[in-house]
Each structure stands twice: as structure tokens, then as C-alpha cells.
Amino acid sequence: MHELGIVFYAIDMVEDLGRENGLTKVSRVTMSIGEVSGVVNDYLTDCWGWACNRSDLMRGCELQIEQIDAVTVCNDCGRTYRTVEFGRTCPYCQSGNTVLLRGNEIEVKEIEAC
Amino acid sequence: MDAMRVIEVKENVFASNVRTADGLRAKMHNEGTLLVNLMSSPGSGKTTLLSATIDALRSDTKIGIIEADVDSAVDAETVAAHGAKAVQVHTGGMCHLDAGMTDQGLAELGYEGLDLVFIENVGNLICPAEFDTGAAKKVMILSVPEGDDKPLKYPLMFEVSDLVLVSKIDTASVFDFDRQRFEANVRLRNPTAPILYLSARTGEGMDAWYQWLRSEVAAWKA
């Protein structure tokens with residue numbers, strides 16, 4: 001269960017931050033999730049609720065997910081396009097020589113805490 | 001009650017794992033032990049390949065194995081019967097091994113004095129590709145029956161691998177596996193990784209694999 005591992009890592013990171021900053025309660029965590037990162041947001045949210053209840057600092061903490069649209073750049077014609085719509089083949093010049101620019105992120109963006 | 005405040009983090013969730021993995025790599029480099037992460041789907045022949053590899057290299061290479069599975073110890077028992085030091089690590093329901101679990105496995109194994117340690121990762125083409133275990137080299141195995149289109153379906157696995165092994169080539173006559181198509185699909189994601197074709201059962205192609213391992217062990221110790 002891929003999402004569970006991600007949730008454990010995110011919570012560990014927030015708990016470290018909590019210790020460093022003397023936090024007692026985290027009310028919200030915002031994560032940036034790339035459109036083609038392979039994360040299923042519903043699963044992430046389910047795992048989140050379950051895992052947060054195991055920690056005093058995190059209990060009841062809301063997870064906010066900010067999606068990052070995936071964009072690919074073509075190395076041959078230099079143009080960018082939406083990855084999800086066209087995949088690996090450039091819609092302008094039909095080249096397969098393309099690289100994902102963004103959309104692969106799995107990040108903790110910010111937290112709200114006291 | 002104190003007022004809530006917003007703290008900006010902007011960090012990849014795997015950042016702490018990458019730090020642990022980097023530390024592990026440095027430790028293994030000092031010891032001169034090459035850690036190789038073997039990844040594939042279930043049933044691609046990882047355990048058979050390892051058993052043959054232990055038999056072939058045993059005389060000049062000290063080998064250890066970390067078997068990672070959700071449950072059971074069947075793989076560790078199989079490879080231990082071939083004379084390698086082996087431990088079984090249970091991931092507790094997780095679909096992959098991370099650097100922390102690898103570190104525990106290495107401590108349990110006792111890797112001091114070993115030349116080569118294999119991690120037999122959980123059978124899965126998705127999650128193991130995302131987690132850095134601290135291995136120096138990543139090797140993925142795809143068996144002929146799985147088909148030549150897999151690099152398109154599991155791109156990250158092929159992108160992160162240092163070597164791609166195609167196993168069970170003795171079954172090629174009954175499956176529709178096109179080497180040229182496969183290589184083109186791999187090259188879309190990974191322009192440089194060598195691709196080796198082999199069969200642990202007949203021994204075909206195994207020498208190139210052993211040669212790769214020997215030269216990587218020598219380079220790691222140099």
C-alpha cells in the first residue's frame with residue numbers, strides 16, 4: 001500500500017517539525033501532489049485519517065491536497081504540452097524525445113499549527 | 001490557547017529516507033560491500049537467479065542476501081540452502097523496502113567482510129522504484145512472459161534502474177516478446193542502462209551478468 005508509506009513519511013516529517021518548533025497541535029497539512037505521481041488522492045486521505053489518530057500532535061488534523069498539473073517539454077521543438085492529454089509524444093512535432101517538467105511531486109507544502 | 005500559525009515546509013516526503021539512504025551508501029562504501037537492489041514483479045525469477053548467482057560466484061565472492069517480503073521466510077530459506085548468508089525482513093504489509101528497513105536488515109545480517117549484498121525487494125514494479133534503499137546499484141528483472149510493453153506501463157522502474165535483466169529467455173518460443181520493441185520502449189525512459197538477456201535455468205547469458213557483478217564489486221572497492 002503505496003499511499004500508506006507516503007502518509008507515514010509525511011507524518012514523520014511533520015512530527016520532526018513539531019519537536020523542532022515546540023508545537024502542540026497541527027490542525028492542517030497541505031501536500032502538493034503531482035498529477036502523474038501515481039498517488040491516488042482518495043487513498044491518501046483515507047490513510048491520513050487513520051494514521052493521524054495514532055499521534056497526539058496530529059489527531060484530527062486536516063489534509064489538504066493541492067494538485068500540480070503535469071507538463072512535458074519536447075526536446076526537439078522546445079514546446080511544452082499537457083502530459084495527461086498527450087503522453088510521451090509531442091502533439092506539435094510528433095517527437096518521442098520528451099521529458100516531464102513537473103507533475104511528479106509528492107511534497108509537504110505547509111502546515112498550520114500552534 | 002496559542003494562535004495557529006502557518007509554517008512553510010516545501011519538502012519532498014521522501015527527503016528523510018534519501019538522507020538515511022545516503023548515509024547507508026557511505027557506510028557500505030567504507031566497508032567495501034556492494035549493495036545491489038533487485039526489483040521485479042512476483043514470479044519473475046529473482047530467487048532462482050540469486051540461487052544460480054550464489055553457486056557461480058561463491059568461490060571468490062562473499063555474498064549476503066536480504067529477502068524482503070510482506071510475510072513468510074521461504075525465499076531466505078531457499079537462498080541460504082545455496083550457501084549465502086541470508087536474513088528475511090518483513091515489511092509489515094508495506095509494498096516496498098525503505099532505507100531504514102534495509103539498515104535493520106544489514107545489522108541483522110552482519111555485512112562486515114562481505115563483498116556483495118543483494119536486496120531481494122518485494123515483488124512489485126511500482127513502489128520499490130520510488131524508495132531509495134541505500135543500495136549502490138539498482139537492477140530490475142523482467143521475465144519474457146510479462147511482455148515487451150512493460151517499460152510503457154511502469155516507466156519509473158525502468159528509469160531508475162542501472163541494469164535491466166530479461167529473464168526466462170528459454171521460454172521465448174511460446175511468448176510474443178520482441179527484443180527490438182522492448183529495447184525501444186526501455187530507451188524512451190532510460191537511454192544508458194545495459195540490457196542483458198538470460199536464463200537461470202539453462203545458464204544462457206548468465207556469464208555477462210556475472211561479469212557485470214564482478215566489475216561493479218571491483219569498482220566499488222577501488
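The part in question is the pairing around A:Arg28: which residue stands opposite A:Arg28 in β2(A)?

Reply: A:Arg28 has A:Glu62 opposite it in β2(A). This is a predicted model, and the values below are computed from it. The two strands concerned, β1(A) and β2(A), run parallel and are joined by 7 bridges.

These two strands belong to an open sheet of 4 strands, whose order is β2(A)-β1(A)-β6(A)-β1(B) and whose pairing is mixed. At its edges are β2 (62-68) of chain A and β1 of chain B, each of which pairs on one side only. From one strand to the next, the twist averages 20°. Helix α2 (residues 41-52) of chain A lies across β1 and β2 of chain A, and its direction makes an angle of about 160° with β2(A).

The sheet takes in a strand of each chain at the step from β6(A) to β1(B). There, β6(A) and strand β1 (residues 5-12) of chain B run antiparallel and are joined by 6 bridges. Within β1(B), the residue opposite A:Glu107 is B:Asn12.

The interface as a whole may be described next. Contact involves 27 residues of chain A and 29 residues of chain B. The area buried between the two chains is about 2,400 Å², with carbon and sulfur atoms giving 63% of it. Between chain A and chain B there are 0 salt bridges, while 9 residue pairs are in polar contact across the interface, both residues being at pLDDT 80 or more. On the side of chain A that touches chain B, the elements giving two or more residues are α1 (2-21), β1 (26-34) and β6 (106-113). Of these, α1(A) gives the most, with 9 residues. By class, this side of chain A has 14 nonpolar, 6 polar and 7 charged residues.

Although the count between the two chains is 0 salt bridges, the count over all chains comes to 19. One salt bridge is found in chain A, where A:Arg19 pairs with A:Asp16 and the closest N and O atoms are 2.7 Å apart. These two residues are 3 residues apart in helix α1 of chain A, so about one helical turn separates them.

Chain B also has an open sheet of 7 strands, in the order β4-β3-β5-β2-β6-β7-β8, with parallel pairing. Its edge strands are β4 (85-90) and β8 (195-197), each pairing on one side only. Neighbouring strands of this sheet are turned by 20° against each other on average, direction ignored. Within the sheet, strand β3 (residues 63-69) and strand β5 (residues 116-120) of chain B run parallel and are joined by 5 bridges; B:Ile66 has B:Ile119 in β5(B) as its bridge partner.

The axes of helix α1 (residues 15-31) and helix α4 (residues 99-109) of chain B come within 8 Å and cross at roughly 30°. Among the residues making this contact are B:Leu24 and B:Met28 of α1(B), and B:Ala99 and B:Leu106 of α4(B). The residues of the contact divide into 5 nonpolar, 4 polar and 2 charged.

Terms used: Residues are numbered from 1 along each chain as its sequence is written. Chains are lettered from A and ligands numbered from 1 in the order in which they are written. This is a predicted model: local features need pLDDT of at least 70, side-chain atom pairs count only at pLDDT 80 or more; totals for chains, interfaces and linings use all residues. Side-chain values use heavy atoms; hydrogens and water are left out. Contact means heavy atoms within 4.5 Å. Buried area is the accessible area (1.4 Å probe) that two parts lose on being put together, summed over both. A salt bridge is a side-chain nitrogen of Lys or Arg within 4 Å of a carboxyl oxygen of Asp or Glu. A polar contact is a pair of N or O atoms within 3.5 Å; within protein, one must be able to donate a hydrogen and the other to accept it, and residues adjacent in sequence count only if both atoms are side-chain atoms. Ala, Val, Leu, Ile, Met, Phe, Trp, Tyr, Cys and Pro count as nonpolar, Asp, Glu, Lys and Arg as charged, and the others, Gly among them, as polar. Two strands pair if DSSP finds at least two bridges between them. Axes are lines fitted to C-alpha atoms, for helices over the stretch in contact, and angles run from 0 to 180 degrees between N-to-C directions.
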